Every structure is written in C-alpha cells, then in structure tokens.
Amino acid sequence: MAPNLGSDLAPQFPSNPKHGEVAGDVEAAAHDGPDGRVNYLARAQWLRAAVLGANDGLVSVASLMIGVGAVNGGARAMLVSGLAGLVAGACSMAIGEFVSVYAQYDIQVAHSERGRPACSDGSSSEEAEEGLPSPAQAAGASALAFAAGAALPLLSGGFLRHWAARVAAVCASSSLGLAGFGAAGAYLGGASAVRSGARVLLGGWLAMAVTFAVLKMFSLAFKTQVMSA
C-alpha cells in the first residue's frame, strides 16, 4: 500500500495472515477486500490442498476400480480394491503431508531461533510461534479430502451386481465429481469454471482410460484372468 493513504481507510484492511496458518487463511478468505471484492489469494493455500486431495482420491480409486474391472468381472473384487485404495491413499496423503509440513515447521523454527537474539522482547518470537504450521492438522485435512473424493466412485459402483452397470456408475459418478471439483475450485478461486471443470474432467478420463487399457492389455497378453474368491 502507498504510505500516504488516509487513516480512515486503514480499518477496512484485514490484517495479513501468518505464513502457514491455515485457519487464518480461511478466515481471511471469508471476508471481502477493502473494495468489496474477495481476497482470492488468501484462499490459495487451503483451496489447493482441499481440491487436490479430493481430486486425487476420486481419480485414484475410480481408476483402480476400473482397472480391476478390466481383469475381473466380480463385484467383490472391485469393491475390495476401491476400499483398499481409499484407506491406503488416505494414509499415504496424511503421511506425505505430515512429513512435508513438518519439514516446513522445522525450517521456520530454525529461522525463528536464529533471529531470536536480535529481539529485545518476546513479542516477535511469540508471533513466529503462533504462525507455525500444524503438521497434524495438515495430515488430517489431506486424509479427509482424499477419503471424501474416493468415496464417490466407491459408493456409487461398488455395490452393483452387473459388471457393465458397475463400470458405468463409476465412470458417471467420477465424471460428475471431477467436473464439480474443477468448477468449484475455479469458482472459489475466481477463475473460469468451464475451463477448469473441463480440464479436470479430461485429466480424470485420461487416467481411467490408461489404467483400463494397461490392465486389459496385460490380461490379454498373458492370458490372465483374475478370478473372484
């Protein structure tokens, strides 16, 4: 901001959120800017994590179920594979996010400790400690987002009896979910909902098609047909 702004405009500006503080980002994103417009930059951190986790869960589990369906016509195999993908993917996302955010936490702590002798009082160090990211919260949010996205294809097609109906349900629900996640992320971020939804949808279709094709070619090449128990 320019230094010569009047004092009457100062209360309209929200305080800057601390780096790595997701709660502050969400709170800042919920309020309009000084000119009545939404501060989309404040949403970037939490929005990216939520959309990425949900989209990853949906595409991973849908592709896994369709890939298993390419070599096994049984309903139980697709259901078990989808459930295993949900649990394993959520755990993987949580662990990966925990390790990543903890590395950021260590870096910020080390940086704060290096600058602590220069502080005449403890106010700066207290502010730095309040702004530290929470690895546990980040891990939980990533796991929850992944599980929410993965539950869509699992619940829609995992309990149908006929193979064609299962595959069609997984593809249909995944397409709706992908388009919805892309459009919602674009809307909250102030981008084009149509372009974002189409981009996410095409990417998900490509992942599912490649998985189905690879497993089908493997089954035909090695004359392998995975039988249900």
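Contact, as the word is used here, means heavy atoms within 4.5 Å. The model is a predicted one, in which local features need pLDDT of at least 70 and side-chain atom pairs count only at pLDDT 80 or more, whereas totals for chains, interfaces and linings use all residues. Residues are numbered from 1 along each chain as its sequence is written, and side-chain values use heavy atoms, with hydrogens and water left out.

The chain holds 7 helices and 0 strands, where helices (H or I, at least four residues) and strands (E, at least two) are DSSP runs numbered from the N terminus. Read along the sequence, the pattern is accordingly α-α-α-α-α-α-α. Of the 229 residues in the chain, 32% are buried; buried stands for under 20% relative accessible area, exposed for over 50%, and partly exposed for what lies in between, with a 1.4 Å probe and protein chains only. Among the contacts in the chain with a separation of 6 or more, 70% come from residues 24 or more positions apart.

An unreviewed UniProt entry lists residues 46–71, 83–105, 136–155, 167–188 and 200–222 under "transmembrane region"; such positions are given in the numbering used here, feature names are shortened, and annotations may be inferred rather than shown by experiment. Two of these listed spans can be set beside the computed geometry. Residues 167–188 are 100% helix and 0% strand, with their end C-alpha atoms 31 Å apart, while residues 200–222 are 96% helix and 0% strand, with a corresponding distance of 33 Å.

Asp56 counts as partly exposed because its relative accessibility is 29%. Leaving aside neighbours within four places in sequence, Asp56 is in contact with Met93 and Phe146, and its C-alpha lies 9.8 Å from that of Ala90, 34 residues away in sequence.

Helix α3 (residues 75–115) contains both Phe98 and Tyr102, which are 4 residues apart, about one turn of the helix. The chain has 2 aromatic pairs, a pair being rings of Phe, Tyr and Trp (its six-membered ring) whose centres lie within 6.5 Å, with planes under 30 degrees apart called stacked, over 60 edge-to-face and the rest tilted. One of them joins Phe98 and Tyr102, which form a tilted pair at 5.3 Å centre to centre and 55° between the planes. Phe98, Tyr102 and Tyr105 form one aromatic cluster. Phe98 is partly exposed because its relative accessibility is 35%, and Tyr102 is likewise partly exposed at 35%.

Beyond its neighbours within four places in sequence, Pro135 is in contact with Phe98, Val101 and Tyr102. The C-alpha atoms of Pro135 and Glu97 are 7.2 Å apart in space, although the two are 38 residues apart in sequence. Pro135 counts as buried because its relative accessibility is 10%.

Helix α6 (residues 163–189) has 27 residues and reaches 39 Å from its first C-alpha to its last, close to the expected 39 Å, the expected span being 1.5 Å times one less than the number of residues. Its buried residues include Arg166, Val170, Ser173, Gly177 and Gly182. After α6 comes Gly190, with a positive phi near 80°.

Which residues does Ser175 touch, not counting residues up to four places away in sequence? They are Leu201 and Trp205. Ser175 itself lies in helix α6 and is buried because its relative accessibility is 18%. A polar contact (a pair of N or O atoms within 3.5 Å; within protein, one must be able to donate a hydrogen and the other to accept it, and residues adjacent in sequence count only if both atoms are side-chain atoms) of 2.8 Å joins the side chains of Ser175 and Trp205. A polar atom of the Ser175 side chain also lies 2.7 Å from the backbone oxygen of Cys171.

Helix α7 (residues 193–221) has 29 residues and reaches 42 Å from its first C-alpha to its last, close to the 42 Å expected. Leu201, which Ser175 touches, is among the buried residues of α7, as are Gly204 and Met208. Just after α7, Lys223 takes a positive phi of about 50°.
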